[in-house]
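Thanks for coming, everyone. Let me put the structure up, and then I'll walk through it.

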Amino acid sequence: MVSASSVEIRKVNKHYGTFHALKDIDLVIPPGKVTCLIGPSGSGKSTLLRCVNFLEEYDSGEVLIDGTMIGYEAPGKKMPGRKLREMRRSIGMVFQQFNLWPHMTARENVAEGLIRVRGLSKSEAHRRAADALAKVGLADKMANHPSRLSGGQQQRVAIARAIAMEPRLMLFDEPTSALDPELVGEVLNVMKTLASEGMTMVVVTHEMGFAAHVADQVVFMEKGELVGVDSPDRILHHPEDARIQSFLRTYHERNSF
Amino acid sequence: MDWSILQQYGPGLLSGFGTTILCWLLGTVFGMALGLVLALAQRYGARWLNRVIQVYVEIIRGTPFLVQLFVLYYGGPLVGLRLDALPAGLLGLTVYGSPYFAEIFRSGFRAVPHGQIEAARAIGMTEASIVRRILLPLGLVSSLPALVNFSIILTKETVILSIITVPELMYQVQRMSTETFRYLEANLVLALFFWALVEAISNAGRWLEARITKHLVERT
C-alpha cells in the first residue's frame, strides 16, 4: 500500500453569492484514518469535501494536502492547471451519482485514467483495471457497460476507477445515497476493506452505522459551520451539542418503525 | 403527361442530382465542422470571442439564405472575393449551416452530465483529453437526432444554389421546364429525387443512432 495523505483545512470560507456556505472551517484529517462528515442536507459537508480536491473553489483559507495548498499558490493566486492535475492524481473521488462514462465498459472506465493521466500502455492499463475490478468483486462484469450494471455495481466500478490510480487519499461524496437499500451493503463493504488497508478516507454520509463502526473521527456540520469533531462514540452516542442531539433524534425517528 | 422527354433530359437531371448530393454532402460536412469549432470556442474561448461568435450566429440566422448567397456571389467580387458558382455555393451552404450546427452542438454538450466531466477532472485528466474522450463522444450522441434533422433541412436549401447558376438538380429542372414547357414532369422528377435523398438520410440517421446508443440506453 502506498503512503497515506493527511489533509489540513484552515479557516476555509466559501460563498455562493450572498449565501455563506462554509464558515471558517478548521479541520485536521489524519493520515490513514477514516473521517466521516455528517449533518443535515445543505450543511456544507459535500461542499467542504469538494474543496479538498478543488472541484469547488474556496474563497479564503487554506486546504493543505500533505502540507501543500491545493488550488492556490498563494492566497488569491490560482495554481496552474498542470500542478492542480498533478495533485488530483493522488486524490480519488467517488460521487453520489457514480458518474461513470456511459460509452465505456467497466474496464475502460477504470483504464481511462491510467492511460490518459498515468501514461500507461493500453494493455498494462487494462491489466491493472482488471485487478482493481477484481478487488471490488466485479471480475465477471468487466466487459459490461454501465447501463448493464446495477447501481451498487456501478458505484463499485467508480471505486475501482479511483483506487486503480493508487491514490493516497479517497473522497466519498454520499456514495450510497443514490442506491436502493439492498445495494448499500456491497458498497459499504468495499469501503470497509479500503479503510482496513490504511487509506486516508473522507466520507460524506448519511449511513450512521458506517460512521459508528468504521470512522476514526466524525465531523458534524450544520449551516456551513463545523459544530463538532470527535470520536464516533462521542458524536453519535454521547453528543453534548444540542444541534447534534436534535439531528440524531430526527435520524432515529425516521429509521425506526 | 409525356415521359419520353426524359430520354433527352435524363442525363442532365442525373448529373444535376449528383451535383445536389455533392453540394449537400460537402455543405453539411463543412458546416458541421465549422459549427463544431464555433461550439467548442464558445465553451472554452474567452468572453470576447464568445460575443463575436454570438454576433455571427445572430446575423447568419437572422438573414435569408438567398440574400447571403447574393452578397457572397455578386457582392464578393467588389471586395476581391471572386468565386465560381460551385465553390461560392459550397461556401454559402457552409456558412449558412454553421450557426445552426453550432447551436445543436452547444446544446448537445450541455446534455453531457456535469458529473461525468467532474469525474474526469478529479482523476487529473487534461481539458483536451476530457473534450476528446468524454465531451465529444457523449455530446455528439445527444446531438445526433438534431444533426440529422438539420441535414435534411439543408438538402432542400440546395435548390437555392440554382439562382447563382450552380448546375444542381433545380437548375437542370428549370432548364428542362423552360425549354420544353414540361413543368409538371420536370418538377415531379425533382420531388422524387428529393424524397429519395431525404429517405436515405433519415434511414441512415436512424441506423447510426441505434448503433451508437446501443450501450447508452438502460435496458430492463
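Predicted model: local features only at pLDDT ≥ 70, side-chain atom pairs only at ≥ 80, totals over all residues.

**Chain B, then chain A**

Some overall values for chain B. Along the principal axes, its C-alpha atoms fill a box of roughly 70 × 55 × 20 Å. Of its 220 residues, 46% are buried. Take the contacts with a separation of 6 or more: 77% of them join residues 24 or more positions apart. The accessible surface is about 11400 Å², and carbon and sulfur atoms hold 66% of that. On charge, chain B has 17 positive and 13 negative, and their mean positions lie 10 Å apart.

Now the annotation. An unreviewed UniProt entry places "domain: ABC transmembrane type-1" on residues 17-202 of chain B. Over residues 17-202, the model gives 82% helix and 0% strand.

Next, one helix of chain B. Why can we call helix H5, residues 114-122 of chain B, largely enclosed? Seven of its nine residues are buried, so the rest of the structure largely encloses it. Buried here means under 20% relative accessible area. The buried residues are Gly115(B), Gln116(B), Ile117(B), Glu118(B), Ala119(B), Ala120(B) and Ala122(B).

What do they pack against? From chain A: helix H1 (45-52), helix H2 (81-88), strand E8 (91-94) and helix H5 (151-163). From chain B: helix H6 (127-157). Just past H5(B) comes Gly124(B), with a positive phi of about 95 degrees.

Over to chain A, starting with helix H3, residues 106-116. Its buried residues include Ala106(A), Asn109(A), Val110(A) and Ala111(A). Glu112(A), Gly113(A) and Leu114(A) are buried as well. The cover over the buried residues of H3(A) includes helix H4 (122-135) and H5 of chain A, together with H6 of chain B. H6 of chain B also packs against the buried residues of H5(B).

Now the strands. Take E10(A), residues 200-204. Five of its five residues are buried, so this strand too is largely enclosed by the rest of the structure. In a regular strand, side chains alternate between the two faces of the sheet. Which residues of E10(A) sit on which side? Thr200(A), Val202(A) and Val204(A) are on one, Met201(A) and Val203(A) on the other, and both faces are covered.

E10(A) has parallel partners. Strand E3, residues 34-38 of chain A, joins E10(A) through four bridges, running parallel. There, Cys36(A) stands opposite Val203(A). Strand E9, residues 169-173 of chain A, also pairs with E10(A) in the parallel sense, over five bridges. In that pairing, Met170(A) faces Met201(A).

Last, an antiparallel case. Chain A has an open sheet of four strands, in the order E2-E1-E4-E5, with antiparallel pairing. Which strands stand at the edges? Strand E2 (19-29) and strand E5 (68-69) do, each with a single partner strand, so one side of each has no neighbour in the sheet. The partner of E2(A) is strand E1, residues 7-16, and the two pair antiparallel over seven bridges. Within that pair, Lys14(A) stands opposite Leu22(A).

That's the tour. Questions, please.

Conventions:
Residues numbered from 1 in each chain as written. Chains lettered and ligands numbered in written order. Heavy atoms only, no water. Buried < 20%, exposed > 50% of the residue type's maximum accessible area, 1.4 Å probe, protein only. Contact = heavy atoms within 4.5 Å. UniProt positions renumbered as here; feature names shortened; annotations may be inferred. Areas by Shrake-Rupley, 256 points an atom, 1.4 Å probe, with all protein chains shown as cover. Lys, Arg positive; Asp, Glu negative; His and termini not counted. Charge placed at Lys NZ, Arg CZ, Asp CG, Glu CD. Pairing = 2+ DSSP bridges.
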